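Welcome to the tour! Please open the model in your viewer and keep the selection tool at hand.

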Amino acid sequence: MLKRLYQPLAYQTQTMPDSYWAASAGPLPRCETLPAEGTFKTGVAIIGGGYTGLSTALELAENGVEVAVFDAGRSGWGASGRNGGFCCIGGSPLSYAELGLRFGEDETRHYARLQRQSIDLVASRLDDWGIDADRHSDGEVVLAHKPNRIAELHEEDAQHAHFSDIDCQFLTREQLHERGLVAADTYGGLHVKTGFGLHPLKYLAGLHQQCIAKGVRIFEQAMIEDLKDTGTGYDLRSGNTRISAQKVVIATNGYSAENLPDWIGGRLMPVFSGILVTRPLSDDELAEQGWTSDLMAYDSRILLHYFRKLPDNRFMFGGRGGITATQSAFDAGKRDLLHHFDRMFPAWRDVDITHHWNGLACLSQSFRPYIGRVPGHREVWTGLGWHGNGVALGSLAGQMLGKQILGTGKPSDIGTILGTPPDRFPLARFRRLGRSLAYRYYGLRDRFA
């Protein structure tokens, strides 16, 4: 039996989320269904049909490997279809300086290059595959929500200059206003000129189609409930169906079970992030608030808010904070998110909200992603822990996992920052309680410090 961190509502797989992305993506590619019983054989079994799982499948299939993907819902049901569509850097909440102290400056620069490379990979896919994914935004802007956060933006600018080739520009409060970036409680900003916004489910649908074209078999409503090493391969079970594979990839990120495999247990802290989307705003309404830019944006809070104007003039606003999967908790989270939206964008206080949904962002104990072999297993691989920024890095991780499995990639390609497995959380069984206490502290710090 699968062990889950949250209540069953977090893992309801029968339907797609009631999100703006699902409502506007158009017809999604069809998946197969597993037979009700019997044995299914494949070369590589990939658990999870999001960016990482499908990118791994594509890399393997393009090199002649037989691949099957199994999703508990369908492609895009999880985080890949629930996120805010920020194709950007930020796979680790640790600063480049903090990573440099532990791993050295060369490894940190390598990690910075990989983050930039991951954005370029998604961009090239959209171009090469002709995907109209509503791409927009020249990078992103981080907004100081207090005057004392301005120094942090200058420090971030200096770290980008030292460790990466990403161009940044500091913007005063006046310059933010001139550029149509007016929100309450903002005192300056740093424009990080890499990355773009997209429709995450349209991108995923294009990736799905490419996999099908290369012969990947993708199964929906295929919950993998057990995984056993046979000595010569692996047996997986979904209901009464047995799946035989030579290699396995775990690509379930924040939706992972604690015991599939047991190594994952206690190493991840999935947290809920909520998103709301307004009706399309008129030019006058945009001008009244003063937010006319299409730049992706987020603020300097620990419990950050992230937001952007969509190409059809809807406004998307998201925020972190939930660690309980009940309807009452989701309703309370929506009220809290609306409160913050109304405070930051008071001119839109009475604008209709057409969509609201939740999804799990995945934190690791190390505050770093991990790409590589699952420790203690011969041929079980994984990529996880994107810290809410998996559109780009999750895509590159899948490609890199495919190369590692094929033997065409070297460990040095991944590097030590992404290639060092996370430890378990201390007192892991109580980590939800610990995170709840931490969120209360973070909220007070964001407000008063």
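Start by selecting strand 10, residues 234–238. One face is covered, with Y234, L236 and S238, while D235 and R237 make up the uncovered face. Strands here are DSSP runs of E with at least two residues, and helices are runs of H or I with at least four residues, both numbered from the N terminus.

Before moving on, a word about what is on your screen: this is a predicted model, where local features need pLDDT of at least 70, side-chain atom pairs count only at pLDDT 80 or more, and totals for chains, interfaces and linings use all residues. Residues are numbered from 1 along each chain as its sequence is written, and side-chain values use heavy atoms, leaving out hydrogens and water.

**The neighbours of strand 10**

Two strands count as paired if DSSP finds at least two bridges between them. Strands of a sheet pair through backbone hydrogen bonds, either parallel or antiparallel. Find L227 and look across to L236, its bridge partner in strand 10. These two strands form a hairpin with four residues between them, and G231 in the turn has a positive phi of about 95°.

Next, select strand 11, residues 240–250, which runs antiparallel to strand 10 and is joined to it by five bridges. Here Y234 stands opposite A245. This hairpin has one residue between the strands, and G239 takes a positive phi near 60°.

Which order do the strands of the open sheet follow? The eight strands run 5-6-4-13-14-15-12-16, with mixed pairing. Strand 5 (168–172) and strand 16 (353–364) stand at the edges, each with a single partner strand, so one side of each has no neighbour in the sheet. From one strand to the next, the twist averages 20°.

Zoom in on strand 14 (residues 305–309) and strand 15 (residues 315–322), an antiparallel pair with five bridges. In this pair, R308 stands opposite M316 of strand 15. Then select helix 12, residues 431–448, which packs on the sheet and touches strand 12 (268–278), strand 15 and strand 16. Touching, or contact, means heavy atoms within 4.5 Å. The direction of helix 12 makes about 50° with that of strand 12; axes are lines fitted to C-alpha atoms, for helices over the stretch in contact, and angles run from 0 to 180 degrees between N-to-C directions.

**A histidine in a loop**

Select H145, in the loop between strand 4 (140–143) and helix 5 (150–163). Is H145 buried or exposed? At 5% relative accessibility, H145 counts as buried; buried means under 20% relative accessible area, exposed over 50%, and partly exposed in between (1.4 Å probe, protein chains only). Its side chain makes a polar contact with the side chain of S300 at 2.7 Å. A polar contact is a pair of N or O atoms within 3.5 Å; within protein, one must be able to donate a hydrogen and the other to accept it, and residues adjacent in sequence count only if both atoms are side-chain atoms.

**Last stop: cysteines**

How many disulfides does a search of the whole structure find? The search finds zero, a disulfide being a pair of cysteine sulfur atoms within 2.5 Å.
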